[in-house]
Amino acid sequence: MRKTLPLIAGLSLTAALLLPSISHANGPSLVEPTYDLAAKSLSVKIRHRSLVDSLHYIKYVEIKVNGTLPLTNKYDKQPGNEYTYTYNVAASPGDVIEVTAKCNLWGSRTVGLTIPRPDDALKTEPTTKPDE
């Protein structure tokens, strides 16, 4: 009994510390890609609330260009509740870039961006797919 009591107390404490993080699990509230055609770089602004950045974070950002999967970036923590990652991505006018940010506990957000052609009068706005 003496050895069991500390074990039970330790497990209870661990559960009490982890359950609030899990109950606050959420997908990213914002995924906002912008593409710099001259630099061939994609910047992705992400907003994802987390109380403990090393326990609840965006675990990967997946980038598809025209349906192919050229880039998946994995993470084990996040740098804050709002941040921007920049990636080298080759894309041309007319290409469609799809960005998915996935939470390690629950939820994701996918946003598409069409690279405007020089003759396009208006910049194409990102399109958002529903959360999981």
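Q: Which residues make the nonpolar surface patch?
A: Leu-51, Val-52 and Leu-55 make that patch, and it covers about 250 Å². Keep in mind that this is a predicted model.

Q: Where does Val-52 lie?
A: Val-52 sits in the loop between S2 and strand S3, the latter being residues 58-65.

Q: And is Val-52 buried, partly exposed or exposed?
A: Partly exposed: its relative accessible area is 31%, which falls between the 20% limit for buried and the 50% limit for exposed.

Q: OK, switching to the sheet. What is the strand order?
A: The order is S1-S2-S5, an open sheet of three strands with antiparallel pairing. Strand S1 (30-36) and strand S5 (82-88) are the edges, each pairing on one side only. On average, neighbouring strands here are turned by 20° against each other, direction ignored.

Q: How many bridges join S1 to S2?
A: Seven, with the two strands running antiparallel.

Q: What about Ser-41, where is that?
A: Ser-41 is in strand S2, which spans residues 41-47.

Q: Buried or exposed?
A: Ser-41 counts as buried, because its relative accessibility is 13% and the cut-off for buried is under 20%.

Q: Nice. Which residues does Ser-41 touch?
A: Leaving aside residues up to four places away in sequence, Ser-41 touches Thr-34, Tyr-35, Asp-36, Thr-86, Tyr-87 and Val-89.

Technical notes. Residues are numbered from 1 along each chain as its sequence is written. This is a predicted model: local features need pLDDT of at least 70, side-chain atom pairs count only at pLDDT 80 or more; totals for chains, interfaces and linings use all residues. Side-chain values use heavy atoms; hydrogens and water are left out. Helices (H or I, at least four residues) and strands (E, at least two) are DSSP runs, numbered from the N terminus. Buried means under 20% relative accessible area, exposed over 50%, partly exposed in between (1.4 Å probe, protein chains only). Contact means heavy atoms within 4.5 Å. Two strands pair if DSSP finds at least two bridges between them. Axes are lines fitted to C-alpha atoms, for helices over the stretch in contact, and angles run from 0 to 180 degrees between N-to-C directions. Patches are made of residues with over 30% relative accessible area and no salt bridge: like charges are joined within 9 Å, nonpolar side chains (Val, Leu, Ile, Met, Phe, Trp, Tyr) within 5 Å. Accessible areas come from the Shrake-Rupley method with a 1.4 Å probe; for residues, only the protein chains shown count as cover. A salt bridge is a side-chain nitrogen of Lys or Arg within 4 Å of a carboxyl oxygen of Asp or Glu.
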